[in-house]
Amino acid sequence: MVNIKSKMVEAAIKIARNGDHKQRVGCIIFNKKKILSIGHNQCQRAVKKLHPKFQRWKGSVHAEVDAIIHAMTDLKGSSLLVVRINKKEQLRLARPCQHCMKYIHHVGIKKVYYSTSSYPYIEYISVNKLFEGKETDV
């Protein structure tokens, strides 16, 4: 089981409820126990603040990117938790897409936790290990 507090997961689910799409996604960026930023998937509103190379879906912002855009501090060394819920509020797979992972790596986030549909429900990715030896055009 991944070592992450259930309060963080509950907070991410609460944020996901604000999502604009059928599958709602919530994201929390944190450093130890302190929440640095939050975000959820949404339509158009925040796209203007995002550099075009990080805009993957026209008119839509992923929760991870929304949280990064709204961060008011340096995110180097922090962790990110992203959860997806369906209409019944059941956890579903929320592994960040390749495009979001490039942006997460670019801002210096070190650990990514994401929800899955089955036990243990939260999985973990080390961002540095994922990008070791790989060139990214960020």
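Predicted model: local features only at pLDDT ≥ 70, side-chain atom pairs only at ≥ 80, totals over all residues.

**Entry 1: the second largest pocket.** Sorted by class, I get 8 nonpolar, 4 polar and 3 charged residues.

**Entry 2: the largest pocket.** Next I turned to the largest pocket, with a volume of about 330 Å³. It is lined by 16 residues, and Lys-5, Met-8, Phe-30, Lys-32 and Lys-33 are the closest to its centre. Two or more lining residues come from each of helix 1 (6-16), strand 1 (24-31) and strand 7 (111-115). Which element gives the largest share of this lining? I noted helix 1, with 3 residues. The class count here is 6 nonpolar, 5 polar and 5 charged.

**Entry 3: helix 1.** That share sent me to helix 1 itself. I listed its buried residues as Met-8, Val-9, Ala-12, Ile-13, Ile-15 and Ala-16. The general rule is handy here: an α-helix has 3.6 residues a turn, so residues three or four places apart point the same way. On the other side of helix 1, I find Lys-7, Glu-10 and Lys-14 exposed. As for partners, the buried residues of helix 1 pack against strand 1, strand 2 (34-40), strand 5, strand 6 (91-92) and strand 8 (122-126).

**Entry 4: the cores.** I then checked the largest nonpolar core, which has 26 residues. The members that touch the most others are Ile-29, Ile-68, Leu-75, Leu-80, Ile-104 and Ile-109. At least two residues of this core come from each of strand 1, helix 2, strand 5, helix 3 (98-107), strand 7 and helix 4 (127-131). Another core, of 15 residues, lies apart from it, and I spotted Ala-12, Ile-13, Ile-15 and Ala-16 among its members.

**Entry 5: Ile-29 up close.** Last, I looked up what Ile-29 is in contact with, leaving aside neighbours within four places in sequence. The list includes Ile-35, Leu-36, Ala-67, Ile-68, Leu-75, Leu-80 and Ile-109, and also Lys-34, Ser-37, Ser-78 and Ser-79.

Conventions
Residues numbered from 1 in each chain as written. Heavy atoms only, no water. 1 Å grid on protein atoms, 1.4 Å probe; cavity = no way out; pocket = protein on both sides within 12 Å on 5 of 7 lines; lining within 4 Å. Points joined across faces, edges and corners; volume = space filled by probe spheres on them. Helix = DSSP H or I, 4+ residues; strand = E, 2+ residues; numbered from the N terminus. Nonpolar A, V, L, I, M, F, W, Y, C, P; charged D, E, K, R; others polar. Buried < 20%, exposed > 50% of the residue type's maximum accessible area, 1.4 Å probe, protein only. Contact = heavy atoms within 4.5 Å. Core = buried A, V, L, I, M, F, W, Y, C linked by side-chain atoms within 4.5 Å.
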